[in-house]
Amino acid sequence: MATLYEIPERYEHFYRTMMELNDGEITDDLIQVLAAIDDEFNEKVESCCRMVRELESRAEMAAAESVRLKTKAYTAKAKAKRLKEYVKENMVRMGTKTIEEGCFRVTVASNPVSVSVVDEALIPSEYYVIYPDPSLSKSAIKEALEDGVEVPGVELVRNTSLRIS
C-alpha cells in the first residue's frame, strides 16, 4: 500500500502513461483506475485526520495532567515549608540549635542580615535604581544602614532558617 506522499505521484504517472498509450483519449478503464487511486488517497487523508485528532486529544490530556501535577507539587512544597517552619519554631522554643538523629542533622542557622521594607513610600529616591526598570536597591540600602546612615521606611533584620542535611 502506498503512502500519502506517493499517491499523487502515482496518480500523475498513471494518468500521463494512460494518456500517452490511448492518444489522449480518456477511457472507462482510466476513469476507474484514477477513481480507485482517488479513493485510496481520500482514505489516507481521513486516516491522517483521525491521527491528528488523536494527537490533539493526547496533548490536551497531557496539558491537563501537567496542571494537576503542578498543583500537587505546589501543595507538597507548601506542606514541606510549613513543616520546616514548625520544626524550627519548636527547636527555638526548646533552645536547641542542632539535632543529629538518624540520617539527619537539623540546624537552626542565622541568615545574613537583610533589608526589610517597612514603608516603601518613606524611602528616599536615591535608593532606587532606574535602569532597566525602576526598582528598590536593597544592597545600596543595606550598605547605607551598615555605615550608620538612617534610611526611613526600612530596617535591618536577621532571620533564621532550618537547615536539614
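## Helix 2 and its neighbours

The buried residues of helix 2 pack against helix 1, strand 1, strand 2 and strand 7. This is a predicted model: local features need pLDDT of at least 70, side-chain atom pairs count only at pLDDT 80 or more, and totals for chains, interfaces and linings use all residues. Numbering starts from 1 along each chain as its sequence is written, and side-chain values use heavy atoms, without hydrogens and water.

Helices (H or I, at least four residues) and strands (E, at least two) are DSSP runs, numbered from the N terminus. Contact means heavy atoms within 4.5 Å. Buried means under 20% relative accessible area, exposed over 50%, and partly exposed in between (1.4 Å probe, protein chains only).

Helix 2 has 67 residues. Its span from first C-alpha to last is 98 Å, close to the 99 Å expected at 1.5 Å a residue. That expected span is 1.5 Å times one less than the number of residues. Buried in helix 2 are L30, L34, I37, E40, K88 and M91. Just after helix 2, G95 has a positive phi of about 75°.

**The helix pair.** The axes of helix 1 and helix 2 come within 10 Å and cross at roughly 175°. Axes are lines fitted to C-alpha atoms, for helices over the stretch in contact, and angles run from 0 to 180 degrees between N-to-C directions. The two helices are therefore roughly antiparallel (an angle over 145 degrees). The residues of this contact divide into 12 nonpolar, no polar and 4 charged. Here Ala, Val, Leu, Ile, Met, Phe, Trp, Tyr, Cys and Pro count as nonpolar, Asp, Glu, Lys and Arg as charged, and the others, Gly among them, as polar.

| Helix | Residues | In the contact |
|---|---|---|
| Helix 1 | residues 6–21 | I7, P8, R10, Y11, F14, Y15, M18 and M19 |
| Helix 2 | residues 28–94 | L30, V33, L34, I37, D38, E40, F41 and K44 |

An open sheet of 3 strands runs in the order 1-2-7, with antiparallel pairing. Two strands pair if DSSP finds at least two bridges between them. Strand 1 (98–101) and strand 7 (160–164) are the edge strands, each pairing on one side only. The twist averages 15° from one strand to the next. Helix 2 packs on the sheet and touches strand 1, strand 2 and strand 7. The direction of helix 2 makes about 110° with that of strand 7. Strand 2 (residues 104–110) and strand 7 share 5 bridges. A109 has S161 in strand 7 as its bridge partner.

Methods:
Angles under 35 degrees count as roughly parallel, over 145 as roughly antiparallel, 65 to 115 as roughly perpendicular and the rest as oblique.
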